[in-house]
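Here are some notes from my read-through, starting with the rings and moving on to the cores and a helix pair. Have a look at the model alongside them.

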Amino acid sequence: MGDKLLMVVTDRISAFDVILPCGVPDKGKVLNQLSLFWMEFLGMKNHLITANVDEYPVELQPYKEDLRGRSMLVKKVNMIEVECIARGYLTGSGWKEYKAKGTVNGEKLRAGYENASKLDEVLFTPTTKAAIGDHDEAINYEQTQKLVGADLAKALKDATIGLYTKAADYAATKGIIIADTKFEFGKDADGSLILADECLTPDSSRFWPKESYAVGANPPSLDKQYVRDYLESINFNKEPPGPVLPDEVIARTREIYVKAYENLSGRKLA
């Protein structure tokens, strides 16, 4: 399709960079439609052309009912090989590093934080964008500058923190804390920075209900953490092949994803 790509979001799910052998019904629709919601809300230039399947090229029309709700037609962009993570709260791998070294991505933090503490300021904690089957690796800001150049590193940091802050302020009005999230960016033909891929979904973010939040422990979340916690409970070695999820874990994961979408967007899942 020339300078266009069709992105289709399946119901497959991954954890710890391992694709699991089972799907979660409607997961693809949640990720696709929540990304569309955020792209419209955030207002940053992005890769979207249309998600209306009736406007897709003629060669895709025979498949439009399969694509409806879980796809978007996008511009091809040159993706930047850095995953841009914003942290507003100390949790996950950041908390583990802080406990061990007092740092996050090598950046020294003040003493006194607890698990799930709100950080004094939003952190930009990028990672490498690993090949399939490999694990992303945390890099600091200086390493990011060496990887992409000082000007682009600053643009990535500013965009990441700006988008996170706008989204987190909005989510708070819906009773949800965005503890952290990941963005991916590219450049279009004229060199403009473009928001691309998924955006503020349960796969790329930690969503905590404000009503159950307390410093010292991670609250039950509306995101993929439920699946990660299950895999940790069965001592999954975080290497392929991944285990088949039990039916009750799949059903609960679907419930969590749909709730995240509906609470944040104010819409019913189509």
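1. This is a predicted model, and its aromatic pairs come to 13 in total. One of them is Phe37 with Phe41, a stacked pair at 6.2 Å centre to centre with 15 degrees between the planes. The two sit four residues apart in helix H1 (residues 27–42), so about one helical turn separates them. Phe37 counts as buried at 8% relative accessibility, while Phe41, at 28%, is partly exposed.

2. Another pair is Tyr89 and Trp208, edge-to-face, 5.7 Å centre to centre and 70 degrees between the planes. This one links distant parts of the chain: Tyr89 belongs to strand S7 (residues 82–89) and Trp208 to strand S14 (residues 205–209), 119 residues apart. Tyr89 is buried at 11% relative accessibility, and Trp208 is buried at 1%.

3. Back to Phe37 and Phe41: ring pairs join them with Trp38 and Tyr170 in a cluster. Trp38 also touches Ala167, Ile178, Cys199, Leu200 and Leu264, among others.

4. Trp38 is among the residues with the most contacts inside the largest nonpolar core, which has 58 residues; Ile178, Phe185, Leu195 and Leu245 are the others named. Helix H5 (residues 150–173) gives this core its largest share, nine residues. Apart from it lies another core of eight residues, including Leu90 and Tyr113.

5. Helices H6 (residues 225–233) and H7 (residues 247–265) pack at about 155 degrees, axes 9 Å apart, and are therefore roughly antiparallel. Tyr226, Val227 and Tyr230 of H6 meet Glu248, Val249, Arg252, Thr253 and Ile256 of H7. That contact divides into five nonpolar, one polar and two charged residues.

Definitions and conventions
Residues numbered from 1 in each chain as written. Predicted model: local features only at pLDDT ≥ 70, side-chain atom pairs only at ≥ 80, totals over all residues. Heavy atoms only, no water. Core = buried A, V, L, I, M, F, W, Y, C linked by side-chain atoms within 4.5 Å. Buried < 20%, exposed > 50% of the residue type's maximum accessible area, 1.4 Å probe, protein only. Contact = heavy atoms within 4.5 Å. Axes fitted to C-alpha atoms, helices over the stretch in contact; angles between N-to-C directions. Parallel < 35°, antiparallel > 145°, perpendicular 65-115°, else oblique. Nonpolar A, V, L, I, M, F, W, Y, C, P; charged D, E, K, R; others polar. Phe/Tyr/Trp six-rings, centres within 6.5 Å; stacked < 30°, edge-to-face > 60°. Lists of a residue's contacts leave out its neighbours within four places in sequence.
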